[in-house]
Amino acid sequence: MVLENWACLAGLTVLAYLVYWVLKPVLKAVYLAISCPLFSATALNGEEGPYPTEKEKDEVLNKSFKPERVPQNLDAIVIGSGPSGLTAAHFLARAGRKVLVLEQHDTVGGTLHTFVEHGYEFDTGLHISFEVGEEHYFGVIMKQLTGGKVKFLSTNGFKDEIVIGSHKYPKKGVRKYFFPPESVDEWQQRMLKYFPGEDKLMKSLSKDVKWSLIAFMPFVLVKLLPEWLAMLLIKLKVFDIFTSYPKQNSISTEEKFQEVAERHPDMPLLLNPFNLDLNVSCDDFPYAVWAVTQKAYLDGVDVTFNQLLPRSIRDSSRWYKNAKPFLNEPSGYFQLFVGLNREAHELNLPWQTIRTFSSDKPVGEVYKEYLSLPLEEALEVDIPFLAIFFSSAKDPTYNDRHPGKATVEIFGVANNDWFKQWQNLPLKKRGDEYDGLKKAFGQKILDKTLELYPELKDHVDCVIYGTSAAIANYLGRNSGGGAKLDNTRARLSLEASTKMRTDTGIPGLYLTGEDTLINSVLFSSMSGALTASAILERNLVAEAFAMKAWNDVNKFFGGGK
């Protein structure tokens with residue numbers, strides 16, 4: 001009896017100790033959010049100061065690097081001005097640190113930068129994010145970064161479009177599917193309209209999508225807990241009790257949708273059109289991350305470790321040892337930027353993203369077959385996948401800046417090796433062969449786009465080509481575009497997330513961006529906050545949520561704006 005009491009007491013003591021370690025950072029975050037906040041209530045409720053003028057922006061952004069301009073007594077140097085790097089720099093500066101941001105390109109923004117060519121302003125990155133509205137907790141970090149000055153447009157009332165098939169194969173024809181990204185329930189009903197009889201499957205998928213963000217939270221949470229505690233909770237399968245993430249992460253989307261593919265070959269493509277976005281084949285794309293990505297639409301390792309660090313220091317990094325199995329030579333993409341000599345409303349340009357698949361064959365099989373071809377042979381066959389964006393149609397202020405113009409941005413899957421031999425040559429001096437091949441490949445992409453929108457043919461005013469060699473030059477990616485880390489089940493497991501933290505194990509060196517989370521607008525900013533958290537030794541993500549909750553309470557009782 002005494003032994004049983006002692007065993008019970010020991011068990012309760014261990015449990016209380018674990019609860020203490022879990023709650024300690026949360027309570028600390030609440031205390032800091034109230035007593036010495038880095039987050040502004042003004043930014044949550046409105047605009048924090050006036051928007052900078054063009055002159056004010058130029059004074060900061062147009063400074064070329066010179067050694068004599070580097071300030072003395074810096075606390076931090078951020079290499080790269082992508083969204084995650086700028087987020088980390090922002091919060092470090094707000095905490096009173098003296099920060100220098102270095103960027104090898106001539107503009108800031110990383111993969112989300114814009115550029116102007118021939119009078120057209122082009123976006124290079126994603127146009128849609130999720131959970132960034134005023135009512136969303138995840139939008140708090142974004143509002144803090146922008147001081148509440150950036151307005152997010154709702155996607156309600158617009159439809160994503162997926163096109164399957166090619167005019168070269170008239171037997172099956174070209175099939176078009178439209179999805180209003182308003183709610184999971186609407187998506188479910190639309191899928192059942194296209195594929196009647198799949199009620200059981202769609203009900204199950206819809207449930208998983210609705211709860212996906214909650215289910216995904218352990219992937220972030222384990223980075224905030226002490227590593228020993230996170231690994232202990234994983235080994236004890238505690239996360240399996242409270243969330244479906246471990247189970248869902250062990251299943252690939254190909255496995256999940258394999259059975260329905262036999263009944264409806266088009267259906268898996270409609271369910272999972274995100275392979276180019278996330279640089280992973282569906283045979284190893286985690287179902288858990290698919291659910292988060294689906295919700296998003298409904299509602300730099302190589303440079304750091306292989307180019308900046310000596311090999312002996314690189315190999316001593318704890319982070320590098322943990323990440324090495326997931327480093328890959330990414331499949332790239334070819335970008336085409338098209339300027340149109342009419343405004344978006346005059347051409348009736350669609351707001352939605354258009355994703356085209358040349359056939360209904362399994363995506364992984366088609367990708368591997370296509371990417372194995374030499375460039376000359378690839379020019380003779382259909383490009384298996386294109387993503388077409390009309391960013392100027394989304395931006396209500398675009399024609400204030402560029403009257404009489406509109407743009408189309410097109411991404412096509414490509415092999416980095418096709419243009420790699422020209423990668424180290426100077427821009428615009430890569431020779432006639434390079435220019436001829438990139439124009440031929442770009443024309444193939446343009447022709448496919450004009451098949452869908454023939455009314456645009458007479459309005460094409462300029463075309464700009466972005467090969468993997470160009471991406472390597474502008475973004476400093478030695479292997480061209482695409483994610484450097486595999487977004488596979490092993491890489492996105494809780495064990496890998498626990499070990500691949502912002503701290504590299506090399507004194508003073510921290511990582512951010514896809515190196516710690518995954519590549520997306522929302523997670524880029526969250527990753528930057530995690531990096532700043534590690535450096536400042538405070539949990540900025542939890543503080544952001546605490547500030548949002550405190551602000552909502554004040555509003556409810558009439559104390560807020």
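Student: Accessible areas come from the Shrake-Rupley method with a 1.4 Å probe, and for residues only the protein chains shown count as cover. What does the accessible surface of the protein chain come to?

Tutor: The accessible surface comes to about 27,300 Å², and 56% of that belongs to carbon and sulfur atoms. Keep in mind that this is a predicted model, in which local features need pLDDT of at least 70 and side-chain atom pairs count only at pLDDT 80 or more, while totals for chains, interfaces and linings use all residues. Residues are numbered from 1 along each chain as its sequence is written, and side-chain values use heavy atoms, with hydrogens and water left out.

Student: What share of the residues count as buried?

Tutor: Of the 561 residues in the protein chain, 50% count as buried, where buried means under 20% relative accessible area, exposed means over 50%, and partly exposed lies in between (1.4 Å probe, protein chains only).

Student: And how many helices and strands are there?

Tutor: The protein chain has 28 helices and 11 strands, taking helices (H or I, at least four residues) and strands (E, at least two) as DSSP runs numbered from the N terminus.

Student: Which other residues have a positive phi without being a glycine?

Tutor: Two further cases are His118, with phi near 55°, and Lys428, with phi of about 65°. His118 lies in the loop between strand E3 (114–117) and strand E4 (120–123), whereas Lys428 belongs to the loop between strand E10 (406–414) and helix H24 (432–452).

Student: Why does His118 count as exposed, and what about Lys428?

Tutor: His118 counts as exposed because its relative accessibility is 58%, and Lys428 is exposed because its relative accessible area is 81%.

Student: New topic: how many salt bridges are there in the whole structure?

Tutor: A search of the whole structure finds nine, a salt bridge being a side-chain nitrogen of Lys or Arg within 4 Å of a carboxyl oxygen of Asp or Glu. One of them joins Asp185 and Lys210, whose closest N and O atoms are 2.8 Å apart. That pair links distant parts of the chain, with Asp185 in helix H6 (residues 184–194) and Lys210 in helix H7 (residues 199–210), 25 residues apart.

Student: Which side chain does Glu198 meet in a salt bridge?

Tutor: Glu198 meets the side chain of Arg263, at 2.8 Å from N to O. Here too distant parts of the chain are linked, since Glu198 sits in the loop between H6 and H7 and Arg263 in helix H12 (residues 253–263), 65 residues apart. Glu198 is buried because its relative accessible area is 6%, but Arg263 is partly exposed at 42%.

Student: Where does negative charge gather in a patch on the surface?

Tutor: The patch consists of Glu376, Glu377, Glu380 and Glu433. Patches are made of residues with over 30% relative accessible area and no salt bridge, like charges being joined within 9 Å and nonpolar side chains (Val, Leu, Ile, Met, Phe, Trp, Tyr) within 5 Å. Lys and Arg count as positive and Asp and Glu as negative, while His and the chain ends are not counted, and the place of a charge is taken as NZ of Lys, CZ of Arg, CG of Asp or CD of Glu.

Student: Which helix holds Glu376?

Tutor: Glu376 is in helix H21 (residues 375–378), and it counts as partly exposed because its relative accessibility is 48%.

Student: What does Leu375 touch?

Tutor: Leaving out residues up to four places away in sequence, Leu375 touches Trp418, Phe419, Leu437 and Phe441, contact meaning heavy atoms within 4.5 Å.
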